[in-house]
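Good morning, and thank you for coming. Please take a moment with the sequence and the model before I turn to its charged pairs and one of its pockets.

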Amino acid sequence: MPCKDFHDLPKIQLPDQNNSLMSKQDLILLALDASPALELMARTLRASEFEVSTVQDREGLEKLVDQSVPALVLVGENFGGEDGLLVSQALLERFPTLPIILYAAGVVSAETALRAGLSGILRPPLKGEDVVGEVRRSMSHAQKLGDWVRREVKRTTASLEQKAKISEAERNKLEAIISNIQDGVIVLDDHQQILLVNQTVYDIFDLEKESLVGKKIREVIANADLSALIDRARNGTLKYHEINFDDGRVFNAQYTPLPRIGSAVTMQDISYLKEIDRLKNDFVHTVSHDLRSPLTAILGYMELIERTGPLNESQLEFIERLRASVQHMTGLVNELLDLGRLEAGFDTRREMVYLDTILQYSLAVFDNQVRRKNIQLTSDVAGDLKPLRANPIRIRQMIDNLIGNAVKYTPPNGMVKISMAMQENQLILRVTDSGPGIPTEEQNRIFEKFFRASNRPAGVEGTGLGLAIVKSIVEAHQGRVWVESKVGTGSTFVVILPVHQ
Ligand code: ADP
C-alpha cells in the first residue's frame, strides 16, 4: 500500500552520501551580481575541484536549483536587484536542507543570516581559503543533516509499512467476515460510490458477477426502495425501509452513516416474518368479520329484552353494562376490519381533500367532550394550505383519532393545540396536548397494534388500535407520523403528508 504521508513530504535535497565532499560532481551555484568577489569565488572554488555555475537573476537561480541539484548555493546580499536574504529564504522553503551561504558586504549580521536558516556567511575582505573553508564547513554540516533525515525517513517508512501491513491483514479479515455473513452489506463513500459489497447483495438483486467497486450504486442497482432509503436517509428523515421484490421477497434495509467513510446499508431477509404477519392478519380479519354478525344480534336482543316487560333496577343496570361491553367489542371489531382493509392496500380512493375543512368537521365532533373537560383547544391553520390527493374518509379518521386521543388523555382544564402548515411541498399537521406524555422507550411502540402505554391514566378506555390505523393511513398516503413527547409535560403527534402537484 503506498504511504501517502511519505509522498506528501516537501521536496528536499539530500547530499548524496556516496559523494565525497571534494568530488567533481559537487556543484556550487554562485548567485551574485558580476563583481571582483564573484570572480574570486569562482576561481578559488574551481581550483579546489568544485564545479561552479553562476546565475544572474532569481528566476534563473530557482530554475537551476530545480534542475541541477547543487551541493551549495552562494547568494550575494543584493542579487539581481533583490534582497539576497529574502531570495535565500524563499529557496529554503522549497529545499529545506540545501546549504546556502550569504555573501554580505553590508549590514546583515551573522546572527540574522543564521536565524533565517542559512548555513554560513562570508564578508569582505574576501580571501580564497576563507571561501573554500566556509563552503566545506557548510557542506559537511548539510551532509550530517542529510544523514539524519535519511535515517528518520527510513525509520518512519518502516513503521508506516508495519502499520500498513497490519491494516491490510485487518482489512482481509473484515472482508472475509462481511463476505460470509447472511445479511446484505453495501458500503458507500460520500458520493454514493460503492466501496464494498458482499456476495449476499449479488444474490438479493441477482447481479452479474462483475466488480461493483467504484461504481455509482444507482447505476448498478436499480431499485426504487433502495434509492428512496439512501436519498431520505442522507437528509436524516429515514433510517430503515422495506425493500419489496415482485417475487414476494421482502428485506429490511437499514442505513448507517460511517464517519470519514460514507455510509453502510445492511439488508435482512424478513420475507418469512412478513408471511407470518400476513397469516395473522388474515386470521384476525376473518375472525373479526365473523364476530360482527353475532355482536349485532346481541345488541338487537338486548333492545328486545327491554320491550318484553318491566325490568327491575338491577336488570336495567346489567343490560346497560352489557351494552357498553358489546359496543366496545363492536368498536374493536370495526377497527380491526378497517386495519385489515388498509393493510391489504384496498384503500385506493383519491380525490382533492382540503384538510382545513376536514378539521372543522372533526372539531365539531369533539366539541362536547372539550367543553365537558374544560380543555382549552386552539387551532392554527396556515392560509396557504394546498389540497391533498387523498381519501377524505381515511384522512378524517386519522385526524379524529389524533384529536380524539389528545382530548381523551388530557386531564380536565388542560390544553390541546392543532396546527397545519405547508413546508415546501409537504403538509405538516401537529396535534399537541398537555396530557401525561409517553415514556421515551415506548414512543416507537404506540403505533403497534394493541399497544397501550404503561403510564396511561387508569380508566381511560381504548383498544390500542387507533394509532396503528393512523400510521397505516399516513403511510398509504406516502407520509410519515411520529410522536415527540415528555412524560408529565405532554405529547405532540406530527404528521407529514406530501402534496402532489
Ligand atoms: P387507545 O385506544 O389505547 O387510545 P391508540 O392506538 O390510539 O390506542 O394509542 C396507543 C397508546 O398510546 C394509548 O393507549 C396511550 O397509552 C398512548 N397515547 C396515544 N395518544 C396519546 C396522547 N395524546 N397522550 C398520551 N398518551 C397517548
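Let me begin with a term: a residue counts as buried when its relative accessible area is under 20%, as exposed when it is over 50%, and as partly exposed in between. By that scale K274, at 31% relative accessibility, is partly exposed. Please keep in mind that this is a predicted model.

K274 has a partner. Its side chain meets that of E242 in a salt bridge, with 2.9 Å from N to O. E242 belongs to strand β10, residues 240-244, and K274 to helix α10, residues 271-307, so the pair ties together parts that are 32 residues apart in sequence. E242 is likewise partly exposed, with a relative accessible area of 29%.

In general, side chains of opposite charge can pair when their charged atoms come close. How many salt bridges does the count come to in this model? The count comes to 26.

Two further pairs sit within single helices. In helix α10, D282 and R278 are four residues apart, which is a separation of about one helical turn. Their closest N and O atoms are 2.9 Å apart, and they form a salt bridge. D282 is partly exposed at 38% relative accessible area, and R278 is partly exposed at 41%.

In helix α11, R341 and D338 are three residues apart, again about one helical turn. Their side chains form a salt bridge at 3.1 Å, N to O.

I turn now to the second largest pocket, which has a volume of about 720 Å³.

Helices α11, α13 and α14 and strand β19 each supply at least two lining residues. The largest share, six residues, comes from α13.

Thank you for your attention.

Note on methods:
Residues numbered from 1 in each chain as written. Predicted model: local features only at pLDDT ≥ 70, side-chain atom pairs only at ≥ 80, totals over all residues. Heavy atoms only, no water. 1 Å grid on protein atoms, 1.4 Å probe; cavity = no way out; pocket = protein on both sides within 12 Å on 5 of 7 lines; lining within 4 Å. Points joined across faces, edges and corners; volume = space filled by probe spheres on them. Salt bridge = Lys/Arg side-chain N within 4 Å of Asp/Glu carboxyl O. Buried < 20%, exposed > 50% of the residue type's maximum accessible area, 1.4 Å probe, protein only.
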